[in-house]
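Visitor: I would like to go through this structure term by term. Please set each label against its rule.

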Amino acid sequence: MEKTSVLITGGMGFIGSRLAKTLSTDSQYAATLLDTREVPPPHGNQIVHGDIADADTWKRITTPSDFVVHCAAFTSAVESERDPSSSYRTNVEGTQRVAEYAQRNGARVIFCSTIRVYHPDSLSDQMEHDGKVNESCGLVEPSHHDQPPFAHHKRMAEDILREVDTQT
């Protein structure tokens, strides 16, 4: 039986590394991790070291993937205030590279976003109404200035991936 190939961006991060560990115990999956950290790959997985937003990094991923689990992110609200360009580079430009890779390889993308993409007022209303957040919850708009840059960048990333999803 042929293994399902999974590329995990941010594969050495909190979520990515745990997913890689889980997949490594299932003989149906072969995982490749993409991360900036120069450490040995855990659990026998293949790792590609590099910047998610760098086109040359993506050229070093030689195995096409069936799925991309996109966990790589610049997530710190405080750091995104201090360095919005790095947040943009990782969350928007990096996601664009994920989308391009997925289109080239016919891969499906699973995206790890953030609750911060939802407009705070809409989020409060939704939680009070039924205690859940769903896709009908309003998203943060660029004009909403009290959200940190990474919230807007993750929202832009969602838009990029939504566009790819409608094209496949």
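Guide: Start with the salt bridge: a side-chain nitrogen of Lys or Arg within 4 Å of a carboxyl oxygen of Asp or Glu. By this rule the count comes to 9 salt bridges. Keep in mind that the model is predicted.

Visitor: What makes D56 and K59 a salt bridge?

Guide: The closest N and O atoms of D56 and K59 are 3.3 Å apart. The cut-off is 4 Å, so the pair qualifies. D56 and K59 are 3 residues apart in helix 2 (residues 55-59), and therefore about one helical turn separates them.

Visitor: Why is D56 called partly exposed, and what is K59 called, with its relative accessible area of 62%?

Guide: Exposed means over 50% and buried means under 20%, with partly exposed in between. D56 has 45% relative accessibility, so D56 is partly exposed. K59 has 62%, so K59 is exposed.

Visitor: How do you know that E100 pairs with R97?

Guide: Their closest N and O atoms are 3.5 Å apart. That is within 4 Å, so E100 and R97 form a salt bridge. Both lie in helix 4 (residues 84-105), 3 residues apart, or about one turn of the helix.

Visitor: What makes R162 and D159 a salt bridge?

Guide: The closest N and O atoms are 2.9 Å apart. Again the value is within 4 Å, so the label holds. R162 and D159 both lie in helix 6, 3 residues apart, about one turn of the helix. R162 is partly exposed at 39% relative accessibility. D159 is partly exposed too, at 32%. Salt bridges with shared partners join R155, E158, D159 and R162 into one network.

Visitor: Where is K154, and how do you know that K154 has no salt bridge?

Guide: K154 is in helix 6 (residues 149-167). The nearest side chain of opposite charge is E158, 7.4 Å away. A salt bridge needs 4 Å or less, so K154 has none.

Visitor: What is K154 in contact with, leaving aside its neighbours within four places in sequence?

Guide: The contacts are A73, N91, F111, C112, S113, T114 and V117.

Visitor: What volume does the largest pocket have, and which residues are closest to its centre?

Guide: The volume is about 460 Å³. Of the 21 lining residues, G10, R37, C71, A72 and A73 are closest to the centre. Helix 1 (14-24), strand 2 (29-35) and helix 6 each supply at least two lining residues. The largest share, 3 residues, comes from helix 1.

Visitor: What share of the residues count as buried?

Guide: Of the 168 residues, 44% count as buried. As for contacts with a separation of 6 or more, 62% are between residues 24 or more positions apart.

Methods:
Residues numbered from 1 in each chain as written. Predicted model: local features only at pLDDT ≥ 70, side-chain atom pairs only at ≥ 80, totals over all residues. Heavy atoms only, no water. Helix = DSSP H or I, 4+ residues; strand = E, 2+ residues; numbered from the N terminus. Buried < 20%, exposed > 50% of the residue type's maximum accessible area, 1.4 Å probe, protein only. Lys, Arg positive; Asp, Glu negative; His and termini not counted. Contact = heavy atoms within 4.5 Å. 1 Å grid on protein atoms, 1.4 Å probe; cavity = no way out; pocket = protein on both sides within 12 Å on 5 of 7 lines; lining within 4 Å. Points joined across faces, edges and corners; volume = space filled by probe spheres on them.
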